[in-house]
Amino acid sequence: MSDQSFQTLGEFIIDKQEDFMYSTGELSRLLSAIRLASKMVNRQVNKAGIANIIGKAGNDNIQGEEQQKLDVLANEIFIEALSQREVVCGIASEENDDFITIPESHNAHLSKYVVLIDPLDGSSNIDVNVSVGTIFSIYRRVSEPGTPVVLEDFLQKGVNQIAAGYVVYGSSTMIVFTTGNGVNGFTLDPSLGTYYLSHPNMTFSRTGKIYSINEGNYIKFPQGVKNYIKYCQREEEERPYTSRYIGSLVSDFHRNMIKGGIYIYPSTSQSPNGKLRLLYECNPMAFIAEQAGGKCTNGFERIMEIEPTELHQRVPFFCGSYEMVEKAEEFMSAAAEN
């Protein structure tokens, strides 16, 4: 193991602080708050089965989806960790109806940053011990510092992101993030409670052999997606591809980035705008993918160029190895022309 492998996440953040667009130390503290919260959520995930925190919480979130107990707990942990450290002026969570303004008593109104977060992606998989994750996205506010945050601070295009990342709670717990200078992954050593650099300079291969999509919805897919799936299954050249779908965006994305592949959650006849959230899931994953040499679109246009109009906006999502996404776009365009 090289010396680089022993670098902690904290050391890495300090070393790379000059890479941040606005290097004041504030963003470093913000990432440290996310690091702390992820450890706390990891502890809860690992003991969920014996602490009676699996199963449904009995509430629906703003999207009408049943919340799991761990959804609620993870949401509380991240909001508390971020709001108590004077590092953000506002938070928007997939689990909350509206954005949260951090009280002036925390001096947070002077902060330059807002965070958008999916506290526990794939939480319905907790009951069956399948990997879940956290997704986060950081923007510089557009309103005047010293004033309460406004909706426009959160409704920004993905190209304006300062940092984005995810945590995967799996066989090992990892935090993977970018500040616009490549993608790096850190694995948690549970015996020490410390993240160490384990995956420096992560990249998507130009193409791959895995396609990830819920084929149970095949009949509801647009014709372009159906045609692409048939292409993936055809026995010619380097195909057929392998179908791998976990149902947890973080886990599917993480595997495809390491092994090469494409993840698709398209529109359907029942969900014409798709199901994934632009601000909490698609934009941060698109930022990471592009920084790793991959590509992310809605089937026709770049995800990070889409103008958000509401906090919980949904979009179709095609993301992964560059050439695989381009090929899927070709099938989408061809079907749209017919």
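A residue is counted as buried when its relative accessible area is under 20%, and Cys232 is therefore buried in this predicted model, its relative accessibility being 0%. Cys282 is likewise buried, with a relative accessible area of 0%.

The structure contains 1 disulfide, which joins Cys296 and Cys319 through sulfur atoms that lie 2.3 Å apart. In general, a disulfide is a covalent bond between the sulfur atoms of two cysteines. Cys296 belongs to strand E14 (residues 295-297) and Cys319 to strand E15 (residues 317-320), so that the pair ties together parts 23 residues apart in sequence. The torsion about the S-S bond of Cys296 and Cys319 is about -80 degrees, and the disulfide is therefore left-handed. Both partners are buried, since the relative accessible area is 1% for Cys296 and 2% for Cys319. The sulfur of Cys282, by contrast, has its closest cysteine sulfur in Cys296 at 7.7 Å, which is too far for a bond.

Elsewhere, 8 strands form an open sheet of mixed pairing, in the order E4-E3-E5-E6-E7-E8-E9-E10. Its edges are strand E4 (100-101) and strand E10 (194-199), each of which pairs on one side only. Strand E9 (residues 183-189) pairs with E10 in the antiparallel sense over 5 bridges, and Thr187 stands opposite Tyr196 in E10.

Two helices may be described in relation to these strands. Helix H3 (residues 69-83) lies across E3, E4, E5, E6 and E7, and runs at about 155 degrees to E5. Helix H5 (residues 249-259) lies across E5, E6, E7, E8, E9 and E10, running at about 100 degrees to E7.

Note on methods
Residues numbered from 1 in each chain as written. Predicted model: local features only at pLDDT ≥ 70, side-chain atom pairs only at ≥ 80, totals over all residues. Heavy atoms only, no water. Pairing = 2+ DSSP bridges. Helix = DSSP H or I, 4+ residues; strand = E, 2+ residues; numbered from the N terminus. Contact = heavy atoms within 4.5 Å. Axes fitted to C-alpha atoms, helices over the stretch in contact; angles between N-to-C directions. Disulfide = S-S within 2.5 Å. Buried < 20%, exposed > 50% of the residue type's maximum accessible area, 1.4 Å probe, protein only.
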